[in-house]
Amino acid sequence: MSETKEGVLYVVATPIGNLEDLSARAARVLAEADAIAAEDTRHTQRLLRHLGIERPLISLHEHNEASRVEQLRRRLAAGESLALVSDAGTPLISDPGFVLVRELRGAGCRIVPVPGACALVAALSAAGLPTDRFTFEGFLPAKSGARRRQLETGAQREETRVFYESPHRIRDTLVDLDATLGARQVVLGRELTKTFETFLAGTSSELLATMDADADQARGEFVVMVAGAPPAQVDADDAEGRALLEAMLAEGVSVKSAAAVVSRVLGGGRKHWYQLALTLKDA
Ligand code: SAM
């Protein structure tokens, strides 16, 4: 009886600076792959040379990703083991690969993550900002107007916001952060896992002053983390909310739904209105 080997696409994270961050599993998967799809084949070739691995490379970047799908699907159907890497960190995270993974998964192919370095996770893990909830917003728009609009749109979010930024735009982004969010706490994770790794915390204007005093602080790759807005303060005796809750409870609306509606209309945490609604119901 002949046995057909199932093809697998491994999505392999590579280091974001420190080569020791490549996992043993990632090295084995790369060494065993029939081919490696890479964002920049010359860049990946250097990593493979460092690891003593020689495998065929296929270029896969944002401009040819869609056209590679069928070729890679056929290779997987033939039972090959393929790997996808980007220049640094986890593929698909502000890097190519999404279209490929979506299409291959849609075609029923087996896709296996090989996790490892990711700049946003590394930055959050050491920044000292809340991580129970966060929003990753990738790269901000290049133009200041659009950038300020995006920053303003999320100004009331209570969770930590995370952005990727390049050295040639970091100052402009801090200026726009200052203009839109004022004295909000910002943490910059710079050159993570590399020789000049730095964490700088302060308001945007303090961080700009630090960069003015030391130009090196504006060099390298950045993860920008912005503290969330303080939770909206709601007076427990807020008359309007109380009246709304009472009216809804009298109409038979559930405590949960009434709290959700008031929290939507007046702001403030759902939990707070839920507690008040419970008290009112009991009374
Ligand atoms: N896929 C990558 C990941 O998993 O983090 C991200 C790729 S994205 C094209 C590159 C951006 O990630 C940089 O502009 C920077 O914002 C961030 N980044 C990557 N490596 C970094 C590092 N060592 N230190 C700080 N930020 C880094």
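Author: Contact here means heavy atoms within 4.5 Å, and helices are DSSP runs (H or I, at least four residues) numbered from the N terminus. This is a predicted model, in which local features need pLDDT of at least 70, side-chain atom pairs count only at pLDDT 80 or more, and totals for chains, interfaces and linings use all residues. Residues are numbered from 1 along each chain as its sequence is written, and side-chain values use heavy atoms, with hydrogens and water left out.

Let us look at helix α10 (residues 255-266) and helix α11 (residues 270-282). Their axes come within 8 Å and cross at roughly 130 degrees; axes are lines fitted to C-alpha atoms, for helices over the stretch in contact, and angles run from 0 to 180 degrees between N-to-C directions. The two helices are therefore oblique to each other, a word for the angles left over once those under 35 degrees (roughly parallel), over 145 (roughly antiparallel) and 65 to 115 (roughly perpendicular) are set aside. The crossing of α10 and α11 is right-handed, that is, the near helix is turned clockwise from the far one by less than a right angle.

On the α10 side, the residues that meet α11 are Val-255, Lys-256, Ala-259, Ala-260, Val-262, Ser-263 and Leu-266. Their partners in α11 are Arg-270, Trp-273, Tyr-274, Ala-277, Leu-278 and Lys-281. By class, this contact has nine nonpolar residues, one polar and three charged. Here Ala, Val, Leu, Ile, Met, Phe, Trp, Tyr, Cys and Pro count as nonpolar, Asp, Glu, Lys and Arg as charged, and the others, Gly among them, as polar.
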